[in-house]
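Subject: Structure handover

Hello,

Here is the structure I promised to pass on. My notes on the fold, the cores and the pockets follow below it.

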Amino acid sequence: MKKLLLLLALLPLAVSAFSQKKIRDKHITHQQERMVFKQWDEDLFTPTPGFLWLNPEYWITWALHPNYPKTDLRPLGPVGPQTQRLALAAAMQSTDNAYKLQADTIRNLATTEMLGLSGAVSAIDPLWMLFYSREFEDLISGDNVGLLAGLSIKEREYLVSSGAYSWFVEESNALLERLQAARNTAMDRGSRILAYHRMLDEYRKLKATWEDKKQKAKLYLSLRDKNQAVKQKNVPLSSPPGKKTDKQIADDILRASKL
């Protein structure tokens, strides 16, 4: 019984003897602090030289590494490797941003030039929408029936039989093909507008020529009807007031010769 009590009394001592003990070494602590978050201070390196640099622990520790306390080895120090990596990463990011900005600028310029050259967007050109589309409306619609509107049947037949109508239709179709080509072909906006302007001038001249032909058709038919009436003796020749006809002049000559 006494032995058992003695064992129980010595048991806490044995447990504490065989259990782990937390080591607190100030040298290791100082090294961890200056490597991670504190300033690299050579005055905090331990062991210190001591009085007259006679501390043997100092010579045992730092004899082979005399410059170690003076060299900042922190990864995040002013010239540490991690600081250099961060600076390099920042520089690379700045370079990437500059390249991206340059690429975006080139892309925007290319897009703008493409939109200016492409014929796919010619329909939404402000100048085309506000002016040229209205000027070329009759040409684009291809309404050839209205060309003979307001004319008599004889005038229509004459314009068709004489070839004036087919001439105007062919010229209009050729001009329409050129207009569609100018709208769909890739070219800069200035050249496209100049092409519109030239074709509009030609279209106006073509319409003016057509109107002139219609007016001349009326005059021609009127002269033709009068000529046919004279030939058929349906209408006597009329002389202007104060002037004699050929017959009257001949009669006067015969009358004078008899005298």
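In these notes, contact means heavy atoms within 4.5 Å. On that basis, and setting aside neighbours within four places in sequence, Phe136 is in contact with Trp128, Leu179, Tyr196, Met199, Leu200 and Tyr203. Please keep in mind that this is a predicted model.

Overall fold

The protein chain has 10 helices and zero strands, so that the pattern along the sequence reads α-α-α-α-α-α-α-α-α-α. Of its 259 residues, 18% count as buried. The accessible surface of the chain is about 20,400 Å², and 61% of that belongs to carbon and sulfur atoms. Taking contacts between residues at least 6 apart in sequence, 60% join residues at least 24 apart.

In soluble globular proteins, nonpolar side chains tend to be buried together. The largest nonpolar core in this model holds 14 residues, and those touching the most other members are Trp128, Tyr132, Phe136, Leu139, Leu179, Tyr196 and Met199. Two or more residues each come from helix H5 (126-135), helix H8 (164-184) and helix H9 (189-231). H9 gives the largest share of this core, with six residues. Another core lies apart from it and has 10 residues, including Leu147, Leu151, Ala164 and Leu206.

The largest pocket has a volume of about 310 Å³. Its lining consists of 17 residues, and Asp138, Asp143, Leu147, Phe168 and Tyr203 lie nearest the centre. Helix H6 (137-141), H8 and H9 are the elements that give two or more residues to this lining. The largest share, five residues, is again from H9. By class, the lining of this pocket has six nonpolar, six polar and five charged residues.

Regards

Methods: Residues are numbered from 1 along each chain as its sequence is written. This is a predicted model: local features need pLDDT of at least 70, side-chain atom pairs count only at pLDDT 80 or more; totals for chains, interfaces and linings use all residues. Side-chain values use heavy atoms; hydrogens and water are left out. A nonpolar core is a set of buried Ala, Val, Leu, Ile, Met, Phe, Trp, Tyr and Cys residues joined through side-chain atoms within 4.5 Å. Buried means under 20% relative accessible area, exposed over 50%, partly exposed in between (1.4 Å probe, protein chains only). Helices (H or I, at least four residues) and strands (E, at least two) are DSSP runs, numbered from the N terminus. On a 1 Å grid over the protein atoms alone, a cavity is a set of points where a 1.4 Å probe fits but cannot get out, and a pocket is an open set with protein on both sides within 12 Å along at least five of seven lines; lining residues have an atom within 4 Å of a point. Grid points are joined across faces, edges and corners, and a volume is the space filled by probe spheres set on the points. Ala, Val, Leu, Ile, Met, Phe, Trp, Tyr, Cys and Pro count as nonpolar, Asp, Glu, Lys and Arg as charged, and the others, Gly among them, as polar. Accessible areas come from the Shrake-Rupley method with a 1.4 Å probe; for residues, only the protein chains shown count as cover.
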